[in-house]
Amino acid sequence: MVGLLVVSHSYKIAEGIKDLVKEMVVKPIPFVAVGGTFDNRLGTDPEKILVSLEQLCSPDGVLVLYDFGSSLLSVEAAVSLLPAEKQENIAVFHTPLIDGSLSAAMEISFNKNMGDIIKSLHSINQLYAAKTD
């Protein structure tokens, strides 16, 4: 089963997404949401991300969703510290964080593969793009 890692600058947002996923997804999935620095101030912590990636790594892969900007840099830093064979199974994707997290979690609970999950997230991105045109 694909693992899901959600990265936010805010500890409170990460906790809120955890609550939403637990409430909406009826079947447990490999899921971690991390937010904030090591002391839960606003920011991101590559070490928290690395620990979460190591926890979620599986042959089915890990999908990482992030909120904005520098969280991507922290994700990339954490991924670079993993062995090459684990790095190959990590997909980093940007999408509206709450919608994307819930959609990905649902898809994972239906045991969809990484390609199908990312296809679904592309659809969400296209929907939002169409609304802003």
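A: Lys18 and Glu15 both sit in helix H1, 3 residues apart, which is about one turn of the helix. Helices here are DSSP runs of H or I with at least four residues, strands are runs of E with at least two, and both are numbered from the N terminus. The model is predicted, so local features need pLDDT of at least 70 and side-chain atom pairs pLDDT 80 or more, while totals for chains, interfaces and linings use all residues. Residues are numbered from 1 along each chain as its sequence is written, and side-chain values use heavy atoms, with hydrogens and water left out.

The side chains of Lys18 and Glu15 form a salt bridge, 2.8 Å from N to O. A salt bridge is a side-chain nitrogen of Lys or Arg within 4 Å of a carboxyl oxygen of Asp or Glu. By this rule the count comes to 3 salt bridges.

How covered are the two partners? Lys18 has a relative accessible area of 23%, so it counts as partly exposed. Glu15 is at 26%, so it is partly exposed too. Buried means under 20% relative accessible area, exposed means over 50%, and partly exposed lies in between (1.4 Å probe, protein chains only).

Lys18 also lines the largest pocket, and Val21, Lys22 and Val25 are among the other lining residues. A pocket is found on a 1 Å grid over the protein atoms alone: it is an open set of points where a 1.4 Å probe fits, with protein on both sides within 12 Å along at least five of seven lines, and lining residues have an atom within 4 Å of a point. Its volume is about 160 Å³, counted as the space filled by probe spheres set on points joined across faces, edges and corners. H1 and strand E2 (31-35) each supply at least two lining residues. The lining divides into 8 nonpolar, no polar and 3 charged residues. Here Ala, Val, Leu, Ile, Met, Phe, Trp, Tyr, Cys and Pro count as nonpolar, Asp, Glu, Lys and Arg as charged, and the others, Gly among them, as polar.

Helix H1 also holds Leu20. Leu20 is partly exposed, because its relative accessibility is 34%.
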